[in-house]
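Please look at the structure below before reading on.

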Amino acid sequence: RTMVAGKLAVKARHCIAMSGTPIAKMPTDAHPSLKCLDPVAYPSKTRMSARYCAEVMDETGKIISTALKADTRPEFDLGLLGVQRRVTKKQAMPWLPPKVYVARDMAIPPKWRDAYDKYAKKMIAELPDDMGTVSTMHTLSQLQHLQMLASAPCKPVKAINAKGDEYVQLIPQIGGWKTQALLDVLAETDGSVAVFSPSKRLINCAGAELAAKGVSHTFLTGDVTGKARDRNKDDFQAGKYKAVLVTTGAGGVGITLTKADTVVFLSRPWSLIESQQAEDRSHRLGSEIHDKVCIIDLVARNTVDVAVRETLMSNGVALADLVKDRDLLVNLLGGTV
């Protein structure tokens, strides 16, 4: 699609590149649009990155962050001068209700607090109640485990990946502090609620808890596809369910959940764009039926949850600087970590 758009742009007398997310993680995300606008100045993503971007890599050699170089930043900004116009959602759709952000912090029960702290410090979690031991040196797995341990009591289960290597999964159990907080939110509101997490296991666990309490709900996860996905979404929009439980990867874009006047994050994704897109499933055309859309973050005190929010805010600072939109920070997470 990008290649075809580029070929059409070359032949067009005028070109207007429109995107709701021109930059997801790094400045080079804007290259396809810039190449359409000026293929001579931006011939390749590799050359753009080499000239303007300072790359930071993890231990595997994968790029984890890219920032603009200080010495070539003025040249990059000059190239965008007169080429870019940013219109905020509030300017485009002033009739939408305001977003109201709430962060509900909670303490992890003592025995699970100990498990979390040991895992965070030593990359080993000695789980209580004789449930065993979890060990991993992989950064991504560690962060995923930390997010799970910050959300619910967990049971370690050994599994085998596609390469035949053994690894450990943490399976959240019923009785978690975040699912209890979710039940409190559901009891407090008369409206419908959209619940998000990047973790399908946490979403499924929340579903089991809601089922046990007799709360009507449906799912939008990677396990729900085709007609079932459309049916679940339409039934929620029709008011047949109190809650819809969504993984940010499967349901964070391309769907409308405006029946919900409350959005709850059991945990946030590390991606700024993925996080914002999830919020906006309920804050788009159709949400004007509500006085406000309440965004509630369930944050376990002194855990990776806080680090995720700090990272999202840091990425927001970089994005706001790049697109020259300081208002972006005022709205991001309610303007506070």
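## The largest cavity

In this predicted model, the largest cavity is lined by Q147, F265, S267, R268, D297, L298, V299, D305, V308 and R309. Two elements, β12 (293-300) and α13 (304-323), each give two or more residues to this lining. By class, the lining comprises four nonpolar, two polar and four charged residues. The volume of the largest cavity is about 60 Å³.

A cavity is a set of points on a 1 Å grid over the protein atoms alone where a 1.4 Å probe fits but cannot get out, and lining residues have an atom within 4 Å of a point. Helices (H or I, at least four residues) and strands (E, at least two) are DSSP runs.

## A charge over a ring

R268 and F265, both in the lining, also form a contact: the charged end of R268 sits over the ring of F265, 3.8 Å from its centre. The rule requires CZ of Arg, or NZ of Lys, to be within 6 Å of the ring centre and within 35 degrees of the ring normal.

## Buried residues in two helices

W177, found in helix α8 (residues 177-188), is buried, with a relative accessible area of 11%.

## Basis of the values

Residues are numbered from 1 along each chain as its sequence is written. Local features need pLDDT of at least 70, side-chain atom pairs count only at pLDDT 80 or more, and totals for chains, interfaces and linings use all residues, while side-chain values use heavy atoms, without hydrogens and water.

Technical notes
1 Å grid on protein atoms, 1.4 Å probe; cavity = no way out; pocket = protein on both sides within 12 Å on 5 of 7 lines; lining within 4 Å. Points joined across faces, edges and corners; volume = space filled by probe spheres on them. Nonpolar A, V, L, I, M, F, W, Y, C, P; charged D, E, K, R; others polar. Buried < 20%, exposed > 50% of the residue type's maximum accessible area, 1.4 Å probe, protein only.
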